[in-house]
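Here is a friendly briefing to read alongside the model. Take a moment with the view below, then walk through the topics one by one.

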Number of protein chains: 2
Amino acid sequence: MKISELGEFGLIGLLADIVDRTKNPRDISWQRLLIGIGDDAAAWQGDSSIQLATTDSLIQDTHFDLNITTWEELGWKAIAVNLSDISAMGGIPIFALISLALPGELETGCISGLYQGMAQIANQFGVAIVGGNIASASKTMITVTVLGSLESKSALTRSAAVPGDQVAVTGYLGLSAAGLKMLKQKLSFDAETSQLLRRAHLQPIPRIKEGQVLLRHEVRAAIDISDGLIADLTHICKASKVSAKINKDSVPIHPILQSNFKSDCQQLALSGGEDYELLFTASSQVINQIKQAISCPVTVIGEITEGTPGQVTLSDAAGKSIPWQQGGWEHFKSKT
Amino acid sequence: MKISELGEFGLIGLLADIVDRTKNPRDISWQRLLIGIGDDAAAWQGDSSIQLATTDSLIQDTHFDLNITTWEELGWKAIAVNLSDISAMGGIPIFALISLALPGELETGCISGLYQGMAQIANQFGVAIVGGNIASASKTMITVTVLGSLESKSALTRSAAVPGDQVAVTGYLGLSAAGLKMLKQKLSFDAETSQLLRRAHLQPIPRIKEGQVLLRHEVRAAIDISDGLIADLTHICKASKVSAKINKDSVPIHPILQSNFKSDCQQLALSGGEDYELLFTASSQVINQIKQAISCPVTVIGEITEGTPGQVTLSDAAGKSIPWQQGGWEHFKSKT
């Protein structure tokens, strides 16, 4: 079977099985491991606190198009998507390592720009860039590994949602996908709208402080929205062996998105992806406390239920089910 | 200026400067950092012991050719080259994260093979594969990050060589480059030779235990040989601001290499690269102790001297200087 037939998540399952089947559980490394393959970051017991690590790549023509991004924005985003994985565990990012594959004909100014973008976001979040690797390749590929730690004795995970939890999300959804659409299709908007959409897609701000607030308020289940709201809620539901119901009319859509993308703003918000907002589940009481504790919007969009593990159902405000076939981002799968 | 004109090491210097110029030294992350960009691995003060991290990529058609390697061998090597960086610091490898870029038309069996090769070497060295990332791309690229720790209060570094030190190396040099030549040029040898050369190139064994022995015997300067003996000794000399003299006739060449590659075995050993042996400097007394403590050959091949920082001079047994222009591996530079 080809990878494209199995799909990204099938392949991850296959590889996780190989690792699990061949591991030696007597090794100290495995004994210290708390969370392995399948969550936003790995977690293990360090000398005195829990340590986190995550890695993610941005690949030319898969994740980015040099016609629509500057190198500074690309550097920012390459770090941001990894910080977002740390935020989804409730962690504090500390160190970053950068592995670059670059065509030799690139101007050095491009890579200086890339690193300036990286340094800018790293400084903003107190992260030190401590090492890496550079090699020649036909296309540009940026792999970042971010290491961090936890202040608490447990992490936010995808597998801790329980029936009865409400489902909530930080910020607004769909802006990044709308930004990509604007850039790809060369759509024109006023300066404020253009800037908001461009930044949402190319310079997302990871929810680091917000993730730590969730953890402090004893939220247990969270993920960052990279594949798309429904796809990422499906990841939570599969890992937690629960179902979820979403009221599509309560999904937070920014007024600028509503007015400029009338016909498809809801689809962008439900499955656009790359929002890097936090999607989490908790009791309504906890969610109310969190609303007081953080400055960005927090919106309840549905609830966790018993039922087929991994199933996400969409309904309107009246509670009527709505058919939904549009998937989120998945590598190797052709998009419908 | 193009990257190909600046070269790999010029580019690393440029990027290290950007990071250094823009860092905020008051951040906890920078305050904990002990060794940043420019050594085999980064090192920082953990809660109670020194922590290490390194990352390295294998890129299709840059580092490997799918016509001459199996996927199992490729998986082994992708982990091995990172473990070797940990060994060059004297460290203990513990966790690995894997970031894969893969063409969708690959058979899943290939990637199962890749992971089996990874799991095999990971188990052999007690390393847990704890996470990663998979994305689609036109060519295969494997980026591995390995995290480890140190038993001692300081690491082996490139910058600790001092005049008067002897220069020594573990094992034999040139076997990996000879293996690559055999595979590329389809050379025929007897089964034992073929296997030795193939394994040297495709399944190198990182010197993990040996690196720890060096550290325990208070060796301070070391590097693993990936770019080639002279190139890597040049890295030590530049970082330590010293010169070195090598007696070319004392460079350890395996008898099988001597008998099968008569005309170029010395060139393969001096600049072939990818040996993943440890090159280190210490007093003759310390080196004699190390020879007793480890089972692989340890050979003194020269000495560290005062003089132009970064200069490596080659001589014959009589001490007569030999001109040497053949460089080691450097990305982006055209080979002479």
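Chain A is assigned domain 1 (1–38), domain 2 (41–149) and domain 3 (166–322), with bounds that come from an automatic or database domain assignment. This is a predicted model, in which local features need pLDDT of at least 70, side-chain atom pairs count only at pLDDT 80 or more, and totals for chains, interfaces and linings use all residues. Residues are numbered from 1 along each chain as its sequence is written, while chains are lettered from A and ligands numbered from 1 in the order in which they are written.

**Domains of chain A**
- Taken over C-alpha atoms, the centres of domain 1 and domain 3 of chain A are separated by 28 Å.

**The sheet in chain A**
- An open sheet of seven strands runs in the order β8-β10-β7-β11-β9-β12-β13 (chain A), with mixed pairing; strands pair if DSSP finds at least two bridges between them.
- Helices (H or I, at least four residues) and strands (E, at least two) are DSSP runs, numbered from the N terminus.
- At the edges sit β8 (221–224) and β13 (321–322) of chain A, each pairing on one side only.
- Strands β9 (residues 243–247) and β12 (residues 312–315) of chain A run parallel and are joined by four bridges, and K245(A) stands opposite T313(A) in β12(A).

- Helix α5 (residues 175–185) and helix α6 (residues 191–202) of chain A have axes that come within 7 Å and cross at roughly 110°. The axes are lines fitted to C-alpha atoms, for helices over the stretch in contact, and angles run from 0 to 180 degrees between N-to-C directions.
- That angle makes α5(A) roughly perpendicular to α6(A), a label for 65 to 115 degrees.

**A residue in strand β6**
- V144(A) lies in strand β6 (residues 141–149) of chain A.
- V144(A) counts as buried because it has 30 C-beta neighbours inside 10 Å; the cut-off is 20 or more other C-beta atoms within 10 Å, with C-beta atoms placed from the backbone.
- Beyond its neighbours within four places in sequence, V144(A) is in contact (C-beta atoms, placed from the backbone, within 7 Å) with residues including T55(A), A78(A) and I98(A).

**Where the chains meet**
- Chain B and chain A give 72 residues each to the contact.
- On the side of chain B that touches chain A, α1(B) gives the most, with 11 residues.

Definitions and conventions. Parallel < 35°, antiparallel > 145°, perpendicular 65-115°, else oblique. Contact = placed C-beta atoms within 7 Å. Buried ≥ 20, exposed ≤ 12 C-beta atoms within 10 Å, placed from the backbone.
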